[in-house]
Amino acid sequence: PTAPAPAPTPAPAVAPAVAPAPSPAPAPPRKVRAFIATSYDIVESGAGCCWSEDGRSFVISEAVFKSTCNVKSFIRQCNFYGFTKSRLPSPAEAPLSVIAHPLFRRGRRDLLDQIGPKLQPPRGQGGALALALALALALALALALALSLILSQGGQLLFSFQSSERIMRVHVFEAVEYEGEPVETEEMTPKWYDVSDIPFSSMWDDDSYWMPSYLKGELFEGWFDYELDGEQTNTVVEYQLNTFATPAEAQHCAAAGPLRGASATADNSDGDGNGNGVFCAPSAEPAPSAWLDDLEPPGWNTSASLPDYTETLVVGAGMTGCSIAYHLSEAGVACTVVDARSVAEGASGRNGGILWPSKGYEERTAAALVDFIKAKDVACDLSETGGVYLVTGKAGEGSHAAVEADEDAPAHAQALDPVADMHAAEGAFATALKFEVGASFWPAKVVRALAKEATRAVFVEQCVALRIAPAPDADASADANADADADVEANSAAGEDHGDGGDGEEEEARGGIVLHTSLGPIRCGRIVVATNAWLPRLLPELAPHFRAATNSVIASAQPLPEELRWPCAAAAWGGGMAEVYISHRCDGRLVVGGLRSEASEPWSGDDDSGVDTVVADKLVGWMEEHFPRLAETLTWERVWRGALAFPRDGKPYVGAVPGRPTGVFVCGGFGGHGMPRCFGHARMAAQLMSGVPMCDLEEAEEAARCDVARLF
């Protein structure tokens, strides 16, 4: 591919350079990792451990310490942060271990912010890699000085490839003064072109999307996803491009507006950044969901307009956003919640109604949600009769082998007879494995209950969030990883008691973030984006790291006859895009979803408007084939779609977003397991936002695992 460059004349063909980017601000203070801070507090408390005599290590009694946390998990996390472990002479039944780190010392909390994950270069390449990087930097500086290059930054691009997990970050610069002639490299053959004759057909596919913005003198940031073997076929299938007028806006604005800046599928784009949005605002007219029928009137605090200022702002009023608002209220923190629709009208009211956690932390978060339902006596048709994996193939074969090998599958399965117990067709399944943890419920009713119990939250509905920006008079260069403690102390000193925060000058001075919405701007001290599949709408830097899709769901009009009802609350078959999941409601009606593999575009983005009749028919056909006795008694009255977000690395996103103003947080990306995950991960987000320390090691470890900073 060729690459255009400005002509070597006093009047170059390329548009003049945009204003140079501002000088970088001094790095903000580093934040102490939650696991490190919690571990230090535990050692100080003496709970199953104590400092060594010189205070440069600590000793744990594993027999006693296990009452505080999972010892193996703790040791593994210590190793992750570069601690060393050794054994003291001790009885086998009561082992003593010494844990040490050069910066983890008694009385030296000031050193904790310097402890981070240990970095390991590729095996066998440590010294060579460091030397190569040093030489490359020295060479780049030497070339810049020798050629007297005057560079200005034009933009930043991210590239992803569907054939790999690799992410490439590219910075685009413009040089208007130079010496010598450009030469051919392995990557490109440079030639001079008039701007009206740039040969885009001979260049990388993405160039035709971002270069017109560059030629207009605009700053830009973009993401381009190439198809399988895209480096050979040179074909972009999805992209997102945002343009900015000034360097300050480019540094911190998340989107350029409700239309311009939205991402698009490449084949539906007009080349100017518009087209069918892959990551867009929620549709105003989604297909009706059965979960949104027969709901009681709202019982939460609402407002028809936005306040000028709120200390804490939550974007999204689904299971995650309402859980955050609830946890904040429980901690005495007021907030404002905005949503493009109404409470529970996004994915939380459009799923399969199943609460079926995988092993590990999900079991804990799902149990916490069930505890809330029972404690608040939420009438949501909760059924805790377990979940059944429907298995095809013999033991050790096919999907049976997949279930046996699934480390996340809950333990203690009970074998059922697919025909006698589940009323399946003869030979449809080899067996049915029942697990105790599966449950079904009415998700929208639970979300609305959370909103009602969030007594210190004010909800502003039908309010579309457009973009996040630094306040005009705020320090826009602050890093989002700075601690929120100062905000909490200022909030307490001001005596804030409600979500709108009043209109005092002190509050205006503190709010460093502005959210632009369809109802106007709102200023805040901190904000959390909890919109799951719609996260890139406000945080486009997340777009390369996860993919959005919609699953089709159908609901039966009639309940099953008593003699055909299942001994479980939920059932599932298959996996991945071919999975089928079934909620067996308390009244005997069924809700069936999945088979995304049958859609014309399995990765269809987050548009949940309309219905996919092809997939809906496939779901009906699947039920008729595998459960003909049940299908004979049922008609299907309702079809809808719900949006999901699948992180490329399989882990949710929680925490402060790097590169954003201080106080911008995210919570989402649940990979189709939102119902068992949202409540617990929302608690983490609430603690991180309000500066409450995580005293629970398992929770702190999960927060570290899901820290969104891992992507940057």
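Helix H8 passes helix H11 in a left-handed crossing, where left-handed means that the near helix is turned anticlockwise from the far one by less than a right angle, and right-handed that it is turned clockwise. This is a predicted model, in which local features need pLDDT of at least 70, side-chain atom pairs count only at pLDDT 80 or more, and totals for chains, interfaces and linings use all residues. Residues are numbered from 1 along each chain as its sequence is written, and side-chain values use heavy atoms, with hydrogens and water left out.

**The whole chain**

- The chain's secondary structure comes to 18 helices and 27 strands; helices (H or I, at least four residues) and strands (E, at least two) are DSSP runs, numbered from the N terminus.
- Of its 712 residues, 50% count as buried, a word that means under 20% relative accessible area, with exposed over 50% and partly exposed in between (1.4 Å probe, protein chains only).
- Take the contacts (heavy atoms within 4.5 Å) between residues at least 6 apart in sequence: 73% of them join residues at least 24 apart.

**Helices that pack together**

- Two packed helices are described by the angle between their axes and the distance between the axes.
- Axes are lines fitted to C-alpha atoms, for helices over the stretch in contact, and angles run from 0 to 180 degrees between N-to-C directions.
- The axes of H8 (residues 319-330) and H11 (residues 443-453) come within 8 Å and cross at roughly 30°.
- That makes H8 roughly parallel to H11, since angles under 35 degrees count as roughly parallel, over 145 as roughly antiparallel, 65 to 115 as roughly perpendicular and the rest as oblique.
- From H8, Met-319, Cys-322, Ser-323 and Tyr-326 meet Pro-443, Val-446, Val-447, Leu-450, Ala-451 and Glu-453 of H11.
- Sorted by type, the residues of this H8 and H11 contact are eight nonpolar, one polar and one charged (Ala, Val, Leu, Ile, Met, Phe, Trp, Tyr, Cys and Pro count as nonpolar, Asp, Glu, Lys and Arg as charged, and the others, Gly among them, as polar).
- Helix H3 (residues 71-80) and helix H18 (residues 697-705) pack at about 40°, with their axes 11 Å apart.
- That makes H3 oblique to H18, and H3 passes H18 in a left-handed crossing.
- Ser-73, Phe-74, Arg-76 and Gln-77 of H3 make this contact with Leu-697, Glu-701 and Ala-704 of H18.

**Aromatic rings**

- The structure holds 25 aromatic pairs; rings of Phe, Tyr and Trp (its six-membered ring) pair if their centres lie within 6.5 Å, and planes under 30 degrees apart count as stacked, over 60 as edge-to-face and the rest as tilted.
- Phe-58 and Phe-104 form a tilted pair, 5.4 Å centre to centre with 50° between the planes.
- This pair links distant parts of the chain, 46 residues apart: Phe-58 is in strand E2 (residues 57-61), and Phe-104 is in the loop between strand E4 (96-100) and helix H4 (126-147).
- Phe-58 counts as buried at 1% relative accessibility, and Phe-104 is buried with a relative accessible area of 1%.
- Phe-159 and Phe-224 form a stacked pair, at 5.9 Å centre to centre and 25° between the planes.
- Phe-159 lies in strand E5 (residues 151-161) and Phe-224 in strand E7 (residues 219-226), so the pair ties together parts that are 65 residues apart in sequence.
- Tyr-40, Trp-51, Phe-58, Phe-83 and Phe-104 form one aromatic cluster.

**A look at Ser-61**

- Ser-61 sits in strand E2 and is buried, with a relative accessible area of 18%.
- Not counting residues up to four places away in sequence, Ser-61 touches Gly-48, Pro-95 and Leu-96.
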